[in-house]
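Welcome! Take a moment to look over the sequence and the structure, and then we will walk through some of the parts together.

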Amino acid sequence: MEKDVRDNWENPTQFILACVSYAVGLGNVWRFPYLCQMHGGGGFLIPYFLMLLLEGVPLFYMELAIGQKMRLGSIGAWTAISPYLGGLGLASVVASLYLCLYYNIINAWSFWYLFHSFQSTLPWSVCPINSNRTGPIEECERATPTQYFFYRETLNISSSIEENGSIHTGQALCLLLAWGITYLFIVRGVKSTGKVVYFTATFPYVVLFIYLIRGMTLHGAVNGVIYMFTPKMEELAKPTTWINAATQIFFSLGLGFGSLIAFSSYNQYHNNFERQAIIVSLINSGTSIFAAIVTFAIYGFKATVNYENCLERTRTLLLNAFSLSEDSINMDNVFEWIEKLNTTYPEQFAELYGKLETCDLEQELNTAVEGTGLAFIVYSEAITNMPLSQLWSVLYFIMLLLLGMGSMLGNVTAIITPLRDFKVVSRISSELFNGIVCLVCFLLGLGFTTTSGNYWFSIFNDYGATFSLLFIVLIEIITVSYYYGIKRFEKDIEDMLGHRPNWYWKIMWAGVSPLLLIALFLFYIVSYIQGGTPTYQAWNEDLGKSEQAEYPLFGQAFIGLLLVSSVSCVPLTALYVFIQKRKQAHQHKQQHSVSTVAA
Amino acid sequence: MLGWVFFLLCLPPVLAVQLCESDAPGAYKVRLSIRTALGDKAYDWNEHEKFLFRATMAYAMRLHKQQEFGVSNIIVCRESPRVSFWFVVTSPLNSSALVDKGDVERAVSKSRHRINSAFLLSDSSLEFVGIYPTLVAPVAPDTPPWLIVFGVVIGLVGAGIVFLLVSTMMEKRRKKKEKAGEHEEERVKTVENGSMTDGVYNTTFSDDERFTEM
């Protein structure tokens, strides 16, 4: 008689697509191109691939093996390995919870931008006119229209984390929609998730491919790609390059959240996850490089457009100041004319000094942005300059949505699967439980839609799941290699796959990966200590740009709370289990002594 | 005599030029960017275009002040190859008095679109330095368009959720009915068998049947 029939993926393809959909997310689009650009272009691929081999694939393989073997979520799986390690699973669930809370806000922003793309002129391409109809709104003039649209109309941001305000209703509605769609995708567990991932995993590639063609045919795009991919080998000498490569691989694959354990727990026992682990990791890295090519093409286009606009403004300034005929100066001889006019009319030229800008194409190409700034400000600005901008805008934000929703599937599954392993929860129907989780996360996430919400978002983004994940995965790999034992692990894998993992995997699990993780962990601790008071970028309304500001005391306390709350699950649970066992042993002794007396 | 005639003939233009100075009280600078705006279809700036300008300005002044302004009331000077020049407007009642800045500004603002169209230019390519164009009021629709798209999408999502939940509930109900139906069938079967073979309902026999079910 079978006790509990666990849900399964309908076929291995669904599992691969689910992993791809989860791992390929926004980080591939907005973090990897930035790192590639900052750390020597094409040369960055060397540390990147090296870290993929040394750290990424082995750890990915390990998590899939654990999930498929134990057929339980993260809490159950680690409790099965050792009762003291249940806290490891709990820490994963807490980290996933933090991630779920703030990640769907990005999807809400994507929805907001998507819906606003259905207009004849994109609202972030022009400044809105002020109430007197004399000119554009001041804040928009000092900044750029795209920045104004993001900071004022999308976020309605306050000037610091201390100032709070009301909820932005548009944002709240978009967040409701984002959670509604998340619920729709996971309402029946893997049965519904399995079907959705066919779309969320494949369609972003269609859009990326379309954007690749569009991007490479843009004016100046090829310059961008060539410039940014030209390897600068001297960057490889800096340790930060290698550390950033390692952290990027680590976070990009989504290790430590428990999503991979959850996904693979729904696999058939003899599923060949070894091959799947390699395939998914390679797809993830390949997508990063693909997205980087597209991003650099867009950067090249944007830099060329900015450069040419700068030249145009300089030309107009010279023409107006010196009343020259329009034919005399064109784009090519602006700099010659500057020289000529400087020598012939030095006093008049000196008057222009404040207004004359320096136009430098390389400087434009060197501006590098990452994160939400890249996705919502730089990219949307580039889109406004393309012909048929509404179409490109819709396509782009649909792609961002699919990438984000695909990752959300993994994040929410990482919370639900381990909790459903508990008997108390499995009595409630899965639809009701999933609904409760989504509702709670939505209500808590409303806090990010207030005027200071973006600052809280930054706290969660930077501290919610970075440090704790390193800790979790480090404990995971040490547990598997030394506590559970490589030999037992080998046997389990042989049981599932039919062959033992070869010496390469064993060396990575036992030696290289833990050492790398320890190095990363120490580096994080050192940089936290050395960094002093953590700072954030506050938007200054009057100046129209972001400024660095220090977190107030309650902000720093909250950061500490975030870090401690997930990490402390491990020792606290171990302590709790230890106390429970002592109590049980004590009771057992008492009973035994009573029975012997009775006998 | 002839000298006097010459002097009188030359006087108005000279006076006109003297009136038209960049620091005159009602003077405005105009700047045209014909080549930038029209590209290949650009026309040359010559005396005829200048005449058109003066005629258009006279029209604008007429419209605003309801006085009989003529082309001679608009005086253009200090032209440059940029195509920029200064102009002043003299009153039709007194050709040596200048119309003040405010009146000229209001007249230009009123007829700005007509002046632009006469030259096939726009607010940015035909600039009156110092007179800012009144920007078009933004068209504010009753329902913001994003709300419409949002409504459609959230309606679809809501319908999807309701559909999935209802179909799950109906499946569960169907399964429950099936299970209840199966149990009933099996109980009926055993009773029937008993009555057919024995004619008398033998409870021991039917009990055995129940055990063998498992």
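Is the crossing of α14(A) and α18(A) left-handed or right-handed? It is left-handed. Please keep in mind throughout that this is a predicted model.

## Helix α18 of chain A and its partner α14

Let us stay with that pair for a while. Helix α14 of chain A covers residues 273-322, and its axis comes within 9 Å of the axis of α18(A), crossing at roughly 60 degrees. α14(A) and α18(A) are therefore oblique to each other. On the side of α14(A), the contact is made by Val294(A), Thr295(A), Ile298(A), Tyr299(A), Phe301(A), Lys302(A) and Asn306(A). From α18(A) come Leu374(A), Val378(A), Tyr379(A), Glu381(A) and Ala382(A). Sorted by class, the contact of α14(A) with α18(A) has 8 nonpolar, 2 polar and 2 charged residues.

## Another neighbour of α18: helix α8

Helix α18 of chain A, residues 372-384, also packs with helix α8 of chain A, residues 145-154. The two axes come within 9 Å and cross at roughly 140 degrees, so α8(A) and α18(A) are oblique to each other. The crossing of α8(A) and α18(A) is right-handed.

Which residues of α8(A) meet α18(A)? They are Thr146(A), Gln147(A), Phe150(A) and Tyr151(A), and they meet Thr372(A), Phe376(A), Ile377(A), Ser380(A) and Glu381(A) in α18(A). By class, the contact of α8(A) with α18(A) has 4 nonpolar, 4 polar and 1 charged residues.

## A closer look at Ser380

Setting aside neighbours within four places in sequence, Ser380(A) is in contact with Tyr113(A), Trp124(A), Thr146(A) and Ala375(A). Thr146(A) is one of the residues of α8(A) that meet α18(A).

The loop between α18 and α19 of chain A holds Leu388(A). At 59% relative accessibility, Leu388(A) counts as exposed. Phi of Leu388(A) is near 60 degrees, a positive value in a residue other than glycine. As background, most residues other than glycine have a negative phi.

Leu120(B) lies in the loop between α5 (112-118) and β4 (126-129) of chain B. With a relative accessible area of 58%, Leu120(B) is exposed.

How are α6(A) and α9(A) packed, and what is the angle between them? Helix α9 of chain A covers residues 169-186; α6(A) packs against α9(A) at an angle of about 110 degrees, with their axes 8 Å apart. That makes α6(A) roughly perpendicular to α9(A). The crossing of α6(A) and α9(A) is right-handed. Among the residues of α6(A) that take part are Cys100(A), Asn104(A), Trp109(A) and Phe115(A), while α9(A) brings residues including Gly170(A), Cys174(A), Trp179(A) and Thr182(A). By class, the contact of α6(A) with α9(A) has 13 nonpolar, 5 polar and no charged residues.

Helix α5 of chain A, residues 74-81, is mostly covered, with 6 of its 8 residues buried. Those buried in α5(A) are Ser74(A), Ile75(A), Gly76(A), Ala77(A), Trp78(A) and Ile81(A). The elements of chain A that cover the buried residues of α5(A) include α4 (45-70), α6 (86-116), α13 (259-265), α19 (389-420) and α23 (467-497).

## Glu547 in a strand

Glu547(A) is in strand β2 of chain A, residues 545-550. At 34% relative accessibility, Glu547(A) counts as partly exposed. Not counting residues up to four places away in sequence, Glu547(A) touches Tyr536(A), Gln537(A), Ala538(A) and Asn540(A). Glu547(A) and Thr535(A) are 12 residues apart in sequence and 9.9 Å apart in space, C-alpha to C-alpha.

## Chain B as a whole

How many helices and strands are there in chain B? There are 7 helices and 4 strands, and from the N terminus on the elements run α-β-α-α-β-β-α-α-β-α-α. Buried residues make up 32% of the 214 residues in chain B. Among contacts in chain B between residues at least 6 apart in sequence, 58% join residues at least 24 apart.

An unreviewed UniProt entry lists residues 146-166 of chain B as "transmembrane region". In the model, this span is 100% helix and 0% strand, and its end C-alpha atoms lie 30 Å apart.

Terms used. Residues numbered from 1 in each chain as written. Chains lettered and ligands numbered in written order. Predicted model: local features only at pLDDT ≥ 70, side-chain atom pairs only at ≥ 80, totals over all residues. Heavy atoms only, no water. Axes fitted to C-alpha atoms, helices over the stretch in contact; angles between N-to-C directions. Helix = DSSP H or I, 4+ residues; strand = E, 2+ residues; numbered from the N terminus. Parallel < 35°, antiparallel > 145°, perpendicular 65-115°, else oblique. Left-handed = near helix turned anticlockwise from the far one by under 90°. Contact = heavy atoms within 4.5 Å. Nonpolar A, V, L, I, M, F, W, Y, C, P; charged D, E, K, R; others polar. UniProt positions renumbered as here; feature names shortened; annotations may be inferred. Buried < 20%, exposed > 50% of the residue type's maximum accessible area, 1.4 Å probe, protein only.
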